[in-house]
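Thanks for coming. I will go through one model today, starting with a helix and its surroundings and then moving to a few single residues.

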Amino acid sequence: MNIIQEFDTIAAIATPVGTGGVGVIRISGSKSFEIIDKIYSKHNLEEGRISHGKIVDGEVVIDEVLILPFKNPKSYTGEDVIEIHCHGGINVVRNILELVLKNGARMAERGEFTKRAFLNKKLDLSQAEAVADLIHAKTRDFAKHSAKNLSGVLGKKIKEIRTDIFNVLSKIIAGIDFPEDVKEPEYDYLIEEFEKVIDKINKILSCANSSNIMRQGIKIAIVGRPNVGKSSLFNTLLNVERAIVTDIAGTTRDVIKETLDWDVAITLIDTAGIRDNEEIDKVEEIGIEYSKQSADEADLVLFLYDAAKGMTADDKVIFDLIKDKNHIVIANKADLTQNREEDVFYLSTVTKEGMDVLKDKIKQTAYNFSVEDTEFITNNRQQDCLEKCRESMIQSLNAAKIGELQDLISIDLKSALLYLDEITGEVITDEILNNIFDHFCIGK
Ligand code: GDP
């Protein structure tokens with residue numbers, strides 16, 4: 001993967017499908033200039049100079065456009081790139097794309113432009129993944145963090161750790177290969193260096209939880225016995241009639257999820273009522289099992305009971321299931337009772353009493369999660385590589401502590417390096433690569 005590769009010429013619509021002010025068709029590859037020459041009213045386009053003219057199909061004018069020509073390697077993909085900025089009508093962009101394809105380009109696959117940018121070394125893999133994150137960011141905050149990775153923050157840190165390991169490994173190898181001239185490094189030195197590397201990895205991984213929350217949002221499960229108002233609360237929070245609200249116990253049989261952007265992404269999970277009842281049918285049982293699971297995977301549980309009935313023994317059974325989780329206890333249907341006990345949080349999805357306070361409590365919890373530590377945004381793949389790298393470093397450290405042969409230590413150090421290289425994409429399989437770029441949209 002060290003050679004700059006030669007590919008065919010690809011094209012795609014780079015803007016979303018629909019009507020808009022401007023539509024962009026992007027062409028990349030060695031034939032880009034040749035293709036535009038055949039369908040554009042002007043010739044001899046100059047690199048980096050915007051040109052104004054017409055896209056033509058023989059005698060027929062298709063649209064009046066701006067052309068942005070880029071010559072390799074100074075382009076997004078590292079290849080010759082032509083961007084056609086036309087009017088943003090769905091059929092205009094399609095007509096132009098069709099013309100471009102007819103004149104020698106191939107339709108691009110998902111993420112193929114960014115994949116070429118990676119293969120042509122314009123971006124490392126962590127930057128390419130940040131492009132996808134930025135496009136798919138559910139909140140503005142996450143978009144900002146992804147933009148930081150796009151500028152290479154994570155990649156730089158990984159390279160710094162790589163250099164640390166590489167330097168120690170070089171000393172070990174020099175000692176092994178030239179025992180007469182080079183002394184093998186002291187074990188104390190090895191221990192110190194390995195601990196430093198492990199600390200740096202820990203620092204990145206300590207942000208994993210908050211970066212996962214930023215990426216996926218915090219998961220909030222609404223749990224409680226049937227009929228306490230879970231679906232009503234879900235709908236009120238969403239402001240839509242998404243879950244079915246009824247007064248027949250046990251109607252929410254599936255788990256329903258919706259995402260909100262309250263500065264951090266919030267995924268609301270509405271679960272079937274949890275209850276321990278001999279008579280419940282199979283479907284309901286599955287629903288209850290789901291509820292337990294979603295409460296398990298939730299970052300925050302909203303536990304509801306009926307304020308008019310008070311906390312019953314049945315409610316307590318469910319409460320016991322979730323009490324060790326981050327939770328808010330809510331006495332719903334407050335409009336049905338005059339009782340106002342201290343330390344009880346009263347809510348009514350009907351009169352909206354307590355709704356604003358609840359929203360603030362949820363936001364505060366979400367905020368606490370997301371500001372934990374977010375210097376580095378990582379995804380599951382990167383976290384997995386980092387964990388494996390840390391594992392190899394811990395083995396190296398333990399080996400150094402017992403004065404193991406340095407030849408053996410070097411094996412673990414080499415595998416630690418490989419895991420880091422997987423993050424930046426220096427070493428990567430086609431399967432992983434395709435999996436990453438399959439999550440992109442066409443035209444990116
Ligand atoms: P779930 O089974 O826990 O999801 O409960 P639902 O949301 O389906 O609500 C059950 C019944 O309680 C419905 O008839 C709702 O209209 C009613 N309900 C929900 N919240 C309130 C509330 O705050 N006050 C009153 N009076 N009724 C409510």
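A residue is called buried here if its relative accessible area is under 20%, exposed if over 50%, and partly exposed in between, with a 1.4 Å probe and protein chains only. Helices (H or I, at least four residues) and strands (E, at least two) are DSSP runs, numbered from the N terminus. The model is predicted: local features need pLDDT of at least 70, side-chain atom pairs count only at pLDDT 80 or more, and totals for chains, interfaces and linings use all residues. Residues are numbered from 1 along each chain as its sequence is written, and side-chain values use heavy atoms, with hydrogens and water left out.

Let me begin with helix 3, residues 112–119. Of its 8 residues, 8 are buried, so helix 3 is largely enclosed by the rest of the structure. The buried residues are Glu 112, Phe 113, Thr 114, Lys 115, Arg 116, Ala 117, Phe 118 and Leu 119, and you will notice Glu 112, Lys 115 and Arg 116 in that list. What covers them? Contact means heavy atoms within 4.5 Å. The cover includes strand 1 (10–13), strand 2 (20–28) and strand 6 (106–107), together with helix 4, helix 14 and helix 15 (430–437). Just after helix 3, Lys 121 has a positive phi of about 65°.

Two packed helices are described by the angle between their axes and the distance between the axes. Axes here are lines fitted to C-alpha atoms, for helices over the stretch in contact, and angles run from 0 to 180 degrees between N-to-C directions. Under 35 degrees counts as roughly parallel, over 145 as roughly antiparallel, 65 to 115 as roughly perpendicular, and the rest as oblique. The axes of helix 4 and helix 15 come within 10 Å and cross at roughly 25°, and the two helices are therefore roughly parallel. Leu 125, Ala 128 and Glu 129 of helix 4 meet Leu 433, Ile 436 and Phe 437 of helix 15. By class, the residues of this contact are 5 nonpolar, no polar and 1 charged. For the classes, Ala, Val, Leu, Ile, Met, Phe, Trp, Tyr, Cys and Pro are nonpolar, Asp, Glu, Lys and Arg are charged, and the others, Gly among them, are polar.

How do helix 6 (residues 153–177) and helix 14 (residues 406–424) cross? Their axes come within 10 Å, at roughly 155°, and the pair is therefore roughly antiparallel. The crossing is left-handed, meaning that the near helix is turned anticlockwise from the far one by less than a right angle; clockwise would be right-handed. On the helix 6 side the contact includes Ile 158, Ile 165, Leu 169 and Ile 176, and on the helix 14 side it includes Ile 409, Leu 413, Leu 417 and Leu 420. The residues of this contact divide into 14 nonpolar, 4 polar and 5 charged.

Gln 127 counts as buried, at 15% relative accessibility. A polar contact is a pair of N or O atoms within 3.5 Å; within protein, one must be able to donate a hydrogen and the other to accept it, and residues adjacent in sequence count only if both atoms are side-chain atoms. A polar atom of the Gln 127 side chain lies 3.0 Å from the backbone oxygen of Leu 150. Leaving out residues up to four places away in sequence, Gln 127 touches Asn 149, Leu 150, Ser 151 and Gly 152.

Next is the loop between strand 4 (60–70) and strand 5 (81–88), where Ser 75 is found. Is Ser 75 buried or exposed? Ser 75 is buried, at 8% relative accessibility. Its side chain has a polar atom 2.9 Å from the backbone nitrogen of Gly 78 and reaches the backbone oxygen of Glu 79 at 2.5 Å. Pro 73 is in the loop between strand 4 and strand 5 too, and the peptide bond from Asn 72 to Pro 73 is cis, with omega near 0°.

Most residues other than glycine have a negative phi, and most peptide bonds are trans. Lys 333 has a positive phi, near 65°, and Lys 352 has one of about 70°. Lys 333 lies in the loop between strand 11 (327–332) and helix 12 (355–370), and Lys 352 lies in the loop between strand 11 and helix 12. Lys 333 is partly exposed at 23%, and Lys 352 is partly exposed at 43%.
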